[in-house]
Structures are given as structure tokens and as C-alpha cells.
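Hi everyone, thanks for coming.

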Amino acid sequence: MYNFIQYFPNLSTINYGVNKIFVKSIENYLIQNKDKKIKVLDFGCSRKPYKYLFDEFDNVVEYVGIDVYDGEFVDIVYDGGEVPFPNQYFDIIFSSSVLEHVEDLDSSLEELHRVLKIGGYSIHSVP
């Protein structure tokens with residue numbers, strides 16, 4: 001069901017990690033889609049450490065942080081079941097160091113797929 005486009009084994013050993021792939025990929029997508037109004041889901045947002053990326057782009061019209069724990073930067077507390085948005089709502093869904101903590105990964109990935117627009121961009125990093 002899922003198309004895993006890239007797999008980068010242990011990139012940290014060659015100093016090619018989150019900032020050079022994850023961040024750059026998101027920036028490239030935003031630049032290539034500068035004429036679209038982009039909605040973003042930060043899955044497992046915690047303190048939203050990557051929000052600054054999206055603040056720099058005028059085409060990002062909505063940025064939602066969702067997490068299983070409540071916190072100062074969390075917009076929606078997620079129960080691990082259904083993501084509380086309609087089908088095909090987000091243009092970008094991303095997470096960093098989150099998926100390895102998810103109890104029911106298949107179900108969560110299905111939910112993320114459901115709320116991702118056709119042609120949308122989903123990028124996740126795991127340690």
C-alpha cells in the first residue's frame with residue numbers, strides 16, 4: 001500500500017542527516033509549489049521544532065501540530081486512532097523521530113494516508 005521511495009541507511013555516520021535531507025526536501029516541496037495554498041500536519045509535533053521552516057513561506061496557510069501528549073505547542077491531542085480531519089485535507093504530512101513510538105503503526109499510516117491529498121507529500125524520519 002505504501003511506496004517507500006528512499007531509504008538512507010545510517011546517514012548520520014557520513015554527516016548527512018535530518019537537516020540535509022528532511023529539511024531540504026520540505027523546503028524544495030514548498031518552493032516547487034509556491035503557487036499552491038499549503039496545509040501542513042506535524043504528526044507528533046511536541047514543541048514544533050520545524051515550524052520555523054514553514055513560517056518562511058507565504059504559501060503555507062495552515063500548520064497543525066498533533067501529538068498524543070498535551071503541551072504548550074500542541075494544537076490537537078491525538079488519541080492514536082482517527083486523525084480528526086477530513087479525507088485529503090493536508091498537502092504535507094511530516095514527523096521526525098515519532099513513528100518508532102507508535103503502537104499501531106499500520107493504522108496510523110493508514111490514517112495519515114487518508115488525510116493526505118492526492119499528490120501530497122509525506123516525509124518521516126526515524127532514528
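So, how many bridges join β1 to β4, and do they run parallel or antiparallel? There are 3 bridges, and the two strands run parallel. Quick housekeeping: this is a predicted model, where local features need pLDDT of at least 70, side-chain atom pairs count only at pLDDT 80 or more, and totals for chains, interfaces and linings use all residues. Residues are numbered from 1 along each chain as its sequence is written, and side-chain values use heavy atoms, with hydrogens and water left out.

Strands here are DSSP runs of E, at least two residues, and helices are runs of H or I, at least four, numbered from the N terminus. Strands pair if DSSP finds at least two bridges between them.

Back to β1, residues 38-43. Along β4, V40 has I92 as its bridge partner, and D42 has F94. Of the 6 residues in β1, 5 are buried, meaning under 20% relative accessible area with a 1.4 Å probe, protein chains only.

Zooming out, the open sheet has 5 strands in the order β3-β2-β1-β4-β5, with parallel pairing. At the edges sit β3 (76-77) and β5 (116-125), each pairing on one side only.

Last stop: D104, in the loop between β4 (90-96) and α3 (105-115). D104 is partly exposed, at 44% relative accessible area, where partly exposed runs between buried and exposed, the latter being over 50%.
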